[in-house]
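Subject: Structure handover

Hello,

Here is the structure I said I would pass on. My notes on the helix packing and the pockets follow below.

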Amino acid sequence: MSDDSDMEKTEPASQQRIDKARENGDVPRSRELATCTILLAAGAGLYMSGGSMLQQLKATLMSGLTFDRAQAFDFSLLLTRQGGHLADLLVAFAPLAGILMLVALASPLLIGGWLFSTQALLPNFGRMNLFSGLAKLVSMNALVELGKALAKAAIVGSISYLVMSREISEVLGLMVEPVQAGTLHTSKLLFTSYMLIVMGLVIIAVIDAPYQMWSYAKKMMMTRQEVRQEAKESEGNPEIKAKIRAQQREMARRRMMSEVPTADVVVTNPTHYAVALKYTDGKMGAPQVVAKGADAVAAKIRELAAANNVPLLEAPPLARALFRHVELGDPIPETLYTAVAEVLAYVFQLKAYKSDGGNRPEKPLDIDVPAGLDPLNPSA
């Protein structure tokens, strides 16, 4: 039962999966929305610049049908003149073309965004599979596309019928109107019919855009097994990472233990904690913690210290304070200078006694630790 649930696509797509699909040119798209935006932009462009375009077409047509005797017998003059007419037409249509180009470039930002992928251009022989092609013909997506095509045909047909039924008298009246007035009236009727049809297509686009986003999100959903596999690939196998961390801790512990023989003193709890201190006059601003540990690690530190003749000093409050508040390799804080100085003074006296003889120094007892530094007595 668990295996079956792991293979069901119940998890939302991860960002890594979405990015990979985008690299392959797979993003949500609504062709209906893009078509509608371009058609609306064309209508707006015609509304704003249609008058000037019509006047330019009229002037070009009149000029093109008028020529003198020289142009009739000199073909090069006629070509030059027609080239000028073509340039005038390009200038007249430039605003509309510019608007359509800008909208065509901006429409992908509505859904999916701009996408530049070379993967979509590579040959994919899987698309030539006859059986997969037949399966697509009866898929849900094919049924949706068929529904949209039927809806568009119904909307365009219905709006066209209603417009023609309503304006039939005006259409028939165009035959008796003067040419100039009839032309303007015809343009108005065509523009009105065009915009009504586009408004009908907007309904389909408003429905299609959310559907495409929902369909894309559903297609990109992942199974639990895919989520786990992706986590392993992106973050690494947890078991391997645990082994690496264990090896790193072991290496750090070995490096720390190698510093114990060079320490000046090991302050103990005496059994739970052990902290090794080292101070080199002229090289260190303050004594440093070169090793520290608790329980088994503390026992190992004490064993190494004893084997290498490093003095051991029982000072439970100081050992606890050093273990809690000083990181490995860091100098001790100023609040512990006095306590550590008392310890180091004893250590240096002990070294002098071993080398020169004399009276053996007494171990310091009841080393004071500033209030709040001892974890077992924070309010002391």
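How much of the chain over residues 194-214 is helix, how much is strand, and how far apart are the end C-alpha atoms? Please keep in mind that the model is predicted. The stretch is 100% helix and 0% strand, with its end C-alpha atoms 31 Å apart.

Helix packing

Helix 9 covers residues 179-219, and two of its contacts are described here.

One is with helix 3, residues 31-64. The axes of helix 3 and helix 9 lie 7 Å apart, and the packing angle is about 165°. Angles over 145 degrees count as roughly antiparallel, so that is how helix 3 and helix 9 run relative to each other. Their crossing is left-handed. The residues in this contact comprise 19 nonpolar, three polar and four charged.

The other is with helix 7, residues 140-166. Here the axes come within 9 Å and cross at roughly 160°. Helix 7 and helix 9 are therefore roughly antiparallel too. The crossing of helix 7 and helix 9 is right-handed, whereas that of helix 3 and helix 9 is left-handed.

The largest pocket has a volume of about 550 Å³. It is lined by 18 residues, and those closest to its centre are Asn141, Glu145, Gln212, Ser215 and Lys219. Helix 7 and helix 9 each contribute at least two residues to this lining. Helix 9 gives the most, with eight residues. By class, the lining of the largest pocket has six nonpolar, four polar and eight charged residues.

The second largest pocket has a volume of about 370 Å³. Which residues line the second largest pocket? They are Leu46, Tyr47, Gly50, Gly51, Met53, Leu54, Gln55, Leu57, Leu184, Ser187, Lys188 and Phe191. Helix 3 and helix 9 are the elements that give two or more residues to this lining. The largest share, eight residues, comes from helix 3. The lining of the second largest pocket divides into seven nonpolar residues, four polar and one charged.

In short, helix 9 packs against helix 3 at an angle of about 165° and crosses helix 7 at roughly 160°. Helix 9 supplies eight residues to the lining of the largest pocket, and in the second largest pocket helix 3 supplies eight.

Regards

Technical notes: Residues are numbered from 1 along each chain as its sequence is written. This is a predicted model: local features need pLDDT of at least 70, side-chain atom pairs count only at pLDDT 80 or more; totals for chains, interfaces and linings use all residues. Side-chain values use heavy atoms; hydrogens and water are left out. Axes are lines fitted to C-alpha atoms, for helices over the stretch in contact, and angles run from 0 to 180 degrees between N-to-C directions. Helices (H or I, at least four residues) and strands (E, at least two) are DSSP runs, numbered from the N terminus. Angles under 35 degrees count as roughly parallel, over 145 as roughly antiparallel, 65 to 115 as roughly perpendicular and the rest as oblique. A crossing is left-handed if the near helix is turned anticlockwise from the far one by less than a right angle, and right-handed if clockwise. Ala, Val, Leu, Ile, Met, Phe, Trp, Tyr, Cys and Pro count as nonpolar, Asp, Glu, Lys and Arg as charged, and the others, Gly among them, as polar. On a 1 Å grid over the protein atoms alone, a cavity is a set of points where a 1.4 Å probe fits but cannot get out, and a pocket is an open set with protein on both sides within 12 Å along at least five of seven lines; lining residues have an atom within 4 Å of a point. Grid points are joined across faces, edges and corners, and a volume is the space filled by probe spheres set on the points.
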